[in-house]
Amino acid sequence: MNRIFSAYLRRILRQGHLKVIGPDCSIQAFGDGTGPLIVMQLLDERVSDELLRNPELALGEAYMDGRIRMETGTIADLLMLVVQCEGYDAPHWPAALKRIGRLAGRRLAQFNPPSIARRNVKAHYDIGDDLYRLFLDPDWQYSCAYFEHDGASLEEAQLAKKRHLAAKLSLSPGQRVLDIGCGWGGLGLYLAQQTGADVRGITLSDEQLARAKDRARSSGLPNPPRFELRDYRKMAGTFDRIVSVGMFEHVGVGHYDRFFGTCRRLLDPDGVMVLHSIGRTGPPGATNPFISKYIFPGGYIPSLSEVFPALERHGFIVSDVEILRLHYAETLRHWRERFIANWQAAAELMDERFCRMWEFYLAGSEAAFRAGHMMVFQIQMVRSVNTLPIVRGYMSEAEAALRAASSLDADKRTSVRIREPA
């Protein structure tokens, strides 16, 4: 095993219990021996050199390609150990230079006009609904859930997320709602059904659009949501409410002014907008190279210090901010466990290499949230200071009413099932 690599591991791994088996079957131990034993085997002489040069990319690629094998513990255990180490963010000098280069070139990497934005979205979201069915909840919510209590299921938490957002939108029946990045349509359907809103959802994904339209057609709602393939920059008209969940990460740091300028143009003077996005807990950075190359091309996780100046420049008044710290870690845990439970089905759809890539993506993302490097923010904003009540209680009241309505609907469905013949 590369001696420089061994020295680097000793420097950063001061805690934990890691053993690394080299290609020559030599075994070295790292950490202070506390915690569960994790054993990783390097099956290729080049892996240690690659990890020194660019660990953020090389670890995922080596795991994908089967050149790293977990003998004891999982890749999630290894990533959690690494990101919790104090020296994790001080890489060896070649990797540090690559990180500086990524930071310097991030605006070019995130150049995201409509044609590139559509291509980037298709690279992640149009890889087959059958894959997403294996690990998402039945409503196809592919964003951070909201765990109201310990032991909440993924389904309960995703429903709670929709309630939480609906309450912050302060909706009335008939109000026009724009859902930017509507996904498979779950939030739009919820808002239309539970609040009577007139919902219009837009996406750049063909597969998401097809499923969202099919769900709207079969919903039985008197005024079902309308979904369409459209870039937010090409929208016209005005809306009483705008919501965007899990889409802002695809905008690109060089396009924030265009995004908020467009949203202000589309939002009624007395309107409300709620933005739900992953964010960094620290200062601005660059996208993880593994995520950029294999998972979300063109994506970027912003710091709040990058978001607030842009919305201030376009005349938005921030009326509420909430930080969800560990909710996405729990969401990702559920997704990862469901994906692993359906590994064979995923491998038949894709292949084993893809499965290891996807496991690494889910595990690495979960580790980043558990270590406190990432969070989710929900920013509520208005154009007029008089738009919303001055006390936050209206949110709790709306959430309670929506919860009661959901319980009543569930009771009605149960009653119908009881009367059905066996």
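# Helix packing and cores in a predicted model

Me: Which handedness does the crossing of H15 and H17 have?
Reply: The crossing in which H15 passes H17 is left-handed. Please note that this is a predicted model.

Me: At what angle do they pack?
Reply: Helix H15, residues 327-341, packs against H17 at an angle of about 160°, and the two axes are 8 Å apart. An angle over 145 degrees counts as roughly antiparallel, and H15 and H17 are therefore roughly antiparallel to each other.

Me: Which residues make the contact?
Reply: On the H15 side they are Tyr328, Ala329, Glu330, Leu332, Arg333, Trp335, Arg336, Phe339 and Ile340. H17 contributes Cys355, Trp358, Glu359, Leu362, Ala363, Ser365, Glu366, Phe369 and Arg370.

Me: And by class, what is in there?
Reply: The contact of H15 with H17 has 11 nonpolar residues, one polar residue and six charged residues.

Me: Changing topic to the largest nonpolar core: which residues touch the most other members?
Reply: Tyr142 and Trp358 do, in a core of 80 residues. Helix H17, residues 352-370, gives the most to this core, namely 11 residues.

Me: What does tyrosine 142 touch?
Reply: Leaving aside residues up to four places away in sequence, tyrosine 142 touches His124, Tyr125, Tyr132, Phe135, Leu136, Trp184, Phe296, Tyr328, Trp335, Trp358 and Tyr361. Among these, Tyr328 and Trp335 also belong to the H15 side of the contact with H17, and Trp358 to the H17 side.

Me: How many residues does the second core have?
Reply: The second core is separate and has 28 residues, including Ile202, Leu267, Leu311 and Phe316. As general background, nonpolar side chains in soluble globular proteins tend to be buried together.

Me: What about alanine 212, buried or exposed?
Reply: Alanine 212 is buried, because its relative accessible area is 0%. The residue is in helix H11, residues 206-217.

Me: What does alanine 212 touch?
Reply: Not counting residues up to four places away in sequence, alanine 212 touches Gly183, Trp184, Gly185 and Phe227. Trp184 is also one of the residues that tyrosine 142 touches. From C-alpha to C-alpha, alanine 212 is 9.0 Å from glycine 201, and the two are 11 residues apart in sequence.

Me: Another glycine: where is glycine 73?
Reply: Glycine 73 is in the loop between strand S4 (68-72) and helix H4 (75-83). Its relative accessibility is 35%, so glycine 73 counts as partly exposed.

Me: Last one: how many residues of H3 are buried?
Reply: Nine of the 10 residues in helix H3, residues 55-64, are buried. They are Glu56, Leu57, Ala58, Leu59, Gly60, Glu61, Ala62, Tyr63 and Met64. Just after H3, glycine 66 has a positive phi of about 75°.

How values were computed: Residues numbered from 1 in each chain as written. Predicted model: local features only at pLDDT ≥ 70, side-chain atom pairs only at ≥ 80, totals over all residues. Heavy atoms only, no water. Core = buried A, V, L, I, M, F, W, Y, C linked by side-chain atoms within 4.5 Å. Buried < 20%, exposed > 50% of the residue type's maximum accessible area, 1.4 Å probe, protein only. Helix = DSSP H or I, 4+ residues; strand = E, 2+ residues; numbered from the N terminus. Contact = heavy atoms within 4.5 Å. Axes fitted to C-alpha atoms, helices over the stretch in contact; angles between N-to-C directions. Parallel < 35°, antiparallel > 145°, perpendicular 65-115°, else oblique. Left-handed = near helix turned anticlockwise from the far one by under 90°. Nonpolar A, V, L, I, M, F, W, Y, C, P; charged D, E, K, R; others polar.
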